[in-house]
Amino acid sequence: MSSPAVESPLPLKPMVLVEPSTKQRPRNVELMNDWQYVERAIHRLLAAWGRDVAEWDNKSALHRHIWDQAECVRRLRERIEQFPGGRPDAPVSAQLETLANAVLLAPSLEDALDGIYELLLKTLVSAYGEYIGNVHPIHDAPTIALLHEINQIKSQQWLWYRNYRRLTPHTTDAAYRARVTARLEACGSFRAPLPITAGAEAQPAGVNTDFRLSRFSARNVAIRPKQPFMDYVRADFATNLEARRLFWAFGYMLEKNLPDDQLAWLYYGHYMPWAWQHIISRHLWDESRHGDSGYSRLRDFGISLEDVGFSGYDQAARDTELKAVAEKMGITVDEAYARQQELLAPFKAEPTTKAQLYEHVFMIGLVAETGHFVVKNEGYVDFKEGQDLQSAEMMLFDIIDETAHVQYAHQWLPMLAEFAGVDNSGYRERGVKIREESQVRAIATAKELDRVLSRTTGDASFDFYQDLLARIRVACPLTNATTCPPRSPKPM
Ligand SMILES: [Fe+2]
Ligand SMILES: [Fe+2]
C-alpha cells in the first residue's frame with residue numbers, strides 16, 4: 001500500500017480563501033500585499049547595510065540579492081494585479097513596518113545579516129511553503145507557481161548566507177534577536193493578512209528611523225595601487241592599445257563602486273514608484289557584474305586588487321578623511337591607509353536629497369554612460385581585431401547593458417526632477433555641454449601628463465606600469481598591439 005502523501009497530492013482539507021464576507025477578492029490578495037511589503041523591506045534592508053559588506057565576492061552576492069528581491073517583489077505585484085481590485089501599493093499594517101525597522105536597527109552588520117537572512121527569510125519561506133501545502137492546488141495554482149519560484153531564489157540566498165556564516169562565525173546579539181523574534185510573532189509569521197488600522201499604514205522600512213548608511217563602501221583590500229600607474233594610462237590612452245586594455249580591465253573593476261552608490265539611490269529614493277526601484281535594481285546588478293568582468297580580466301592577466309588598489313570613485317574624500325584621522329591619532333598616513341577598513345567604518349552618509357538623486361542619475365546616465373560609447377566601441381573592435389576575444393566580449397556585453405541604462409535615465413529624469421523641484425528642460429543639451437567640457441579637460445590632462453611623466457627605467461611608477469603591461473602581454477598578446485592606429489581620447 002502506498003503512503004497517503006503519494007496517493008493524494010491534494011491537501012486533505014485545503015485552506016479556503018473565501019469567507020462569508022468576501023466579495024470579489026479572495027483572502028490571499030491581502031496576504032500577498034503583506035508578503036510584498038516584507039520582500040520590499042528586505043530589498044531596503046540590503047540597500048541599507050550593503051555598503052558595509054567588505055569582501056569582493058560578498059559584495060557581488062549582496063548586489064545580486066538586490067536584483068533577486070526586486071524580482072520577488074515583481075512576481076508578487078503582478079499576481080496581486082491579476083485579482084479584481086488588487087492593488088500592489090495598497091496599504092498594509094504598520095506592524096510590518098515596526099518589524100522591518102526592528103531588523104534594520106541592528107547593532108552591527110553581522111546582526112543585520114542574521115536578521116535578514118535567518119529570521120526574516122526563513123520565516124517567509126516557511127509561510128510560503130505552508131501556503132503552498134494548504135491552499136487548493138488547482139484554484140490558486142498561479143500563486144503556488146510563483147511562490148515556488150520565489151522559494152527557489154530564497155534557497156540560493158540562504159545557501160550564500162549559510163556559507164558566509166561558516167566563514168564568518170557570529171552569535172546574534174541576544175537582545176536584537178529577541179526584539180526581532182517578538183515582532184515576527186506579533187506579525188503572525190506572515191501566515192494570515194494583518195488587519196490595517198486606518199491612518200496607521202506601514203511606511204517603507206527605515207523612513208521613520210534615524211538609520212544612516214555608511215558613507216564609504218567597505219573593502220578589505222588596499223585602496224591605493226602599489227604605484228600610481230593610472231597617470232600613464234591617461235597619457236597613453238589614445239595612442240596605445242595595450243594601455244587601453246589595462247584601462248578597461250581596471251576601469252570595469254572599479255565599476256564595483258557604482259552599485260554601492262546605487263544602494264543609497266534605492267534607500268533614499270523610496271518616494272519613487274516601484275517601476276523605478278525595479279530598473280535601478282537591475283542597473284545596480286549590471287554594474288556589479290561589470291565590476292566582476294573587470295576583476296576577472298585582471299586576474300586572467302595575473303593582476304591582483306593589491307597590485308592596482310580597489311579605490312572608490314570617492315577616493316579624494318577617503319584620502320581627506322584618512323589624513324585627518326592620521327593626524328588626530330598621531331599615526332602616519334601609510335598606517336591610516338593600512339587600517340582604512342577600520343578607520344573609515346564609523347563615517348555615516350548624509351541622506352541623499354531629491355535634488356542630489358536627480359543629479360546622480362543625470363551624471364551617470366547623461367555624462368558617464370553616454371560619454372563612453374565611442375571609446376568602448378573602439379575597444380570592442382580593436383580587441384576583437386587583436387584576437388583578445390574575452391576582452392572584446394567584456395566590452396560588448398557592457399555596451400549592451402549601458403545602452404539600456406542610458407534609456408533608464410531618459411525615462412526617469414522627468415519624474416526625478418519633478419520630485420526634486422528642479423528644471424529638467426534642456427537636460428540633453430546640458431549633458432552635451434558637460435561632456436564637451438570634460439573632453440577638453442581630459443585631453444589637456446593627458447597632454448600635460450605626457451609632458452611631465454618620467455619614462456625612465458628605474459623610476460618605480462614607470463617600471464610598475466611597464467610590468468603591468470608586460471604581464472598582460474604574456475597572458476594574452478594582442479596581434480595588433482603595434483599596428484593599431486591612434487583612437488579617440490579618453491572622454492573624462
Ligand atoms: Fe557599467
Ligand atoms: Fe551603466
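**Close-up 1. Gln387, an exposed residue in a predicted model.** The structure shown here and in the other views is a predicted model. Gln387 has a relative accessible area of 54%, so it counts as exposed, the cut-off being over 50%. The residue sits in the loop between α17 (373-385) and α18. Its phi is positive, at about 75°, although Gln387 is not a glycine.

Close-up 2. Phe190 lies in the loop between α7 (174-186) and α8 (230-236).

**Close-up 3. Helix α9 against helix α18.** Helix α18 covers residues 389-420, and α9 covers 241-254. Their axes come within 11 Å and cross at roughly 50°. The two helices are therefore oblique to each other. The crossing of α9 past α18 is left-handed. On the α9 side, the contact is made by Arg245, Trp248, Ala249 and Tyr252. On the α18 side, Ser391, Met394, Met395 and Asp398 take part. By class, these residues comprise five nonpolar, one polar and two charged.

**Close-up 4. Helix α10 and its surroundings.** Helix α10 runs over residues 257-268. Its twelve residues should span 16 Å at 1.5 Å a residue, and the end C-alpha atoms are 18 Å apart, which agrees. Eleven of the twelve residues are buried, so α10 is largely enclosed by the rest of the structure. The buried residues include Asn257, Leu258, Pro259, Asp260, Trp265 and Tyr268. Gln262, Leu263, Ala264, Leu266 and Tyr267 are buried too. What do the buried residues of α10 pack against? Their partners are α2 (28-49), α3 (56-81), α4 (94-104), α9 (241-254), α11 (274-300) and α16 (354-371).

**Close-up 5. Helices α2 and α3 side by side.** The axes of α2 and α3 come within 9 Å. They cross at roughly 165°. That angle is over 145, so the helices are roughly antiparallel to each other. α2 passes α3 in a left-handed crossing. The α2 residues in the contact include Val29, Met32, Trp35, Glu39, Ile42 and Leu46. Among those they meet in α3 are Leu62, His65, Ile66, Gln69, Val73 and Ile80. The contact has 13 nonpolar, five polar and four charged residues.

**Close-up 6. Gln157, a buried residue of helix α6.** Helix α6 is made up of residues 141-167, and Gln157 lies in it. Is Gln157 buried or exposed? Its relative accessibility is 2%, so Gln157 counts as buried. Leaving out residues up to four places away in sequence, Gln157 touches His65, Asp68, Gln69, Tyr117 and Leu121.

**Close-up 7. Pro84 in the loop between α3 and α4.** Pro84 has a relative accessibility of 43%, so it counts as partly exposed. Neighbours within four places in sequence set aside, Pro84 is in contact with Gln24 and Arg25. How far is Pro84 from Val29 in sequence and in space? The two are 55 residues apart in sequence and 9.6 Å apart in space, C-alpha to C-alpha.

Note on methods:
Residues numbered from 1 in each chain as written. Chains lettered and ligands numbered in written order. Predicted model: local features only at pLDDT ≥ 70, side-chain atom pairs only at ≥ 80, totals over all residues. Heavy atoms only, no water. Helix = DSSP H or I, 4+ residues; strand = E, 2+ residues; numbered from the N terminus. Expected span 1.5 Å × (residues − 1). Buried < 20%, exposed > 50% of the residue type's maximum accessible area, 1.4 Å probe, protein only. Contact = heavy atoms within 4.5 Å. Axes fitted to C-alpha atoms, helices over the stretch in contact; angles between N-to-C directions. Parallel < 35°, antiparallel > 145°, perpendicular 65-115°, else oblique. Left-handed = near helix turned anticlockwise from the far one by under 90°. Nonpolar A, V, L, I, M, F, W, Y, C, P; charged D, E, K, R; others polar.
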